[in-house]
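Open your viewer and keep the selection panel at hand. We will walk from the whole chain down to single residues.

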Amino acid sequence: MTVNDDSFTNWKNREEIAESMIPIIGKLHRERDVTVLLHSRSLVNKSVVSILKTHRFARQIAGEELSVTETMPFLQALATLDLGPSQIDLGMLAATYKADDRGLSVVDFTAEAVAGATGANKIERGEGRDVVLYGFGRIGRLVARLLIEKAGSGNGLRLRAIVVRGGGDEDLVKRASLLRRDSIHGQFQGTITVDEANDTIVANGNEIKVIHADDPSSVDYTAYGIKDAILIDNTGKWRDREGLSKHLRPGIAKVVLTAPGKGDVPNIVHGVNHDMLKPDEQILSCASCTTNAIVPPLKAMADEYGVLRGHVETVHSFTNDQNLLDNYHKSERRGRSAPLNMVITETGAASAVAKALPDLEAKITGSSIRVPVPDVSIAILNLQLARETTRDEVLDYLRNVSLTSPLKRQIDFISAPDAVSSDFIGSRHASIVDAGATKVEGDNAILYLWYDNEFGYSCQVIRVVQYVSGVEYPTYPAPAV
């Protein structure tokens, strides 16, 4: 047998193992609300090739490829346990098992590592929480996709309604079509049907009422059977507490804004300050996509090295508030054609850092340039540190943060030398550290941070909503603190 034949046989064997993983992962998700991860990447509803690619990608962050032959025994062990709602990372299980020198079997080690999610310790499955989307633009539709994807057994978040302005003939059909197909993020994973008679979109079995309203104060959500819901405002029309309070109608318990909040509205970056939210807080903001991209790595660097001052320059994809061609705009430069120009503009991300990291005394400044790409941006974070370090030390530290720390769902790490912006479309992380571009000299560190300003941000929004809903399930093995 030739070397090529050996490689092909090995591939076919791994395909067979990955194929056998799919029903186990699906059953755990549907029946027990268990999400199986691999280094923070969900394996739920993934194809054979996607599972194999996710295992291979581990070499980018862990230094070596992870094989399905290594993770399958842990998955089989999980299937035998009395698990409650949780997230379980096969990559972390394999890594911690390899580092353990007690000689335990995979079955015994797995049972010990996820003990907090089994037996008397496990979380009881709740009835779920109603969610309403107010506005159905770029972020609204991506959040809808994520909510539908995460419906799972029906015991978590349930997208019950979408509120939009009336759009004339075939309004429902056109909105369903935009949900079904996206020029950047591709086809919706599943089926969508439209019931125009009942103003309903049915997506993967989820019945979503479409409510037409021009003002929040005109809607009584209880009339649609909605109760104690979280409303996600994707319009950005109201930013302060007074404006957002208009959403607190019958059936709505909390309001989450997908834009920076003003005044005393808490700006939350999941993974950094979400646990500071007061249980009775009814109105909160998920800040901006750029704030979510820079705050987690800024916190990581401040915790390890201290930060004296910094500047962030964002090279940001163009957005809907710019013009396709030169035309009037209330902002001078944003009136110029977005797909034809680089446009200097302002960013509030630097000032928003103070709200998310109130203990950080360093002054952070910021500016932004909009560029002619439709999605994925990069933030260049230039920091003066409190102590000198080396490039290798910083990269090793950030790699470990992306793998084992409480920020591993926010911070990703890539060492591919040929990475470009489109490679990060669909990334679920708030921020991806580009190892090849990182520069460190003495007490100065410059980090290049990619982020999908649409999808990665939408994932952060969902994490905040899960947290305030009480359906953010613990991860095992527990991240290192």
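What percentage of the 481 residues in the chain is buried? Buried residues make up 52% of them. Here buried means under 20% relative accessible area, exposed means over 50%, and partly exposed lies in between, with a 1.4 Å probe and protein chains only.

Two notes before you click. This is a predicted model, in which local features need pLDDT of at least 70 and side-chain atom pairs count only at pLDDT 80 or more, while totals for chains, interfaces and linings use all residues. Residues are numbered from 1 along each chain as its sequence is written, and side-chain values use heavy atoms, with hydrogens and water left out.

**Stop 1: the whole chain**

Zoom out. The C-alpha trace spans about 65 × 55 × 50 Å along its principal axes. The radius of gyration is 23 Å, which agrees with the value near 23 Å for a compact globule of 481 residues. That radius is taken over C-alpha atoms, and the globule rule is 2.2 Å times the number of residues to the power 0.38.

Of the contacts between residues at least 6 apart in sequence, 72% join residues at least 24 apart.

**Stop 2**

Side chains of opposite charge can pair when their charged atoms come close. A salt bridge is counted when a side-chain nitrogen of Lys or Arg is within 4 Å of a carboxyl oxygen of Asp or Glu. The whole structure has 24 salt bridges.

Select Asp 82 and Lys 122. They form one of these, with the closest N and O atoms 2.8 Å apart. Asp 82 sits in the loop between α3 (68–79) and β3 (86–89), and Lys 122 in the loop between α5 (106–113) and β4 (129–134), so the pair ties together parts 40 residues apart in sequence. Asp 82 is partly exposed, at 45% relative accessibility. Lys 122 is partly exposed too, at 22%.

**Stop 2: Arg 138 and its two partners**

Next, select Arg 138 and Asp 182. Their side chains meet in a salt bridge of 2.8 Å, N to O. Asp 182 is in strand β6 (residues 181–182) and Arg 138 in helix α6 (residues 138–149), so parts 44 residues apart in sequence are tied together. Is Asp 182 buried or exposed? Asp 182 is buried, with a relative accessible area of 11%. Arg 138 is partly exposed, at 22%.

Glu 454 lies in the loop between β20 (439–451) and α12 (455–469), 316 residues from Arg 138. Glu 454 is buried, with a relative accessible area of 8%.

**Stop 3**

**Stop 4: Leu 324**

Finally, select Leu 324. This residue lies in the loop between β14 (307–317) and β15 (343–345). Leu 324 is exposed, with a relative accessible area of 62%. What does Leu 324 touch, not counting residues up to four places away in sequence? Its contacts are Ser 337, Ala 338 and Pro 339. Check one distance: the C-alpha atoms of Leu 324 and Ala 338 are separated by 5.5 Å, while the two residues are 14 apart along the chain.

Key: Contact = heavy atoms within 4.5 Å. Helix = DSSP H or I, 4+ residues; strand = E, 2+ residues; numbered from the N terminus.
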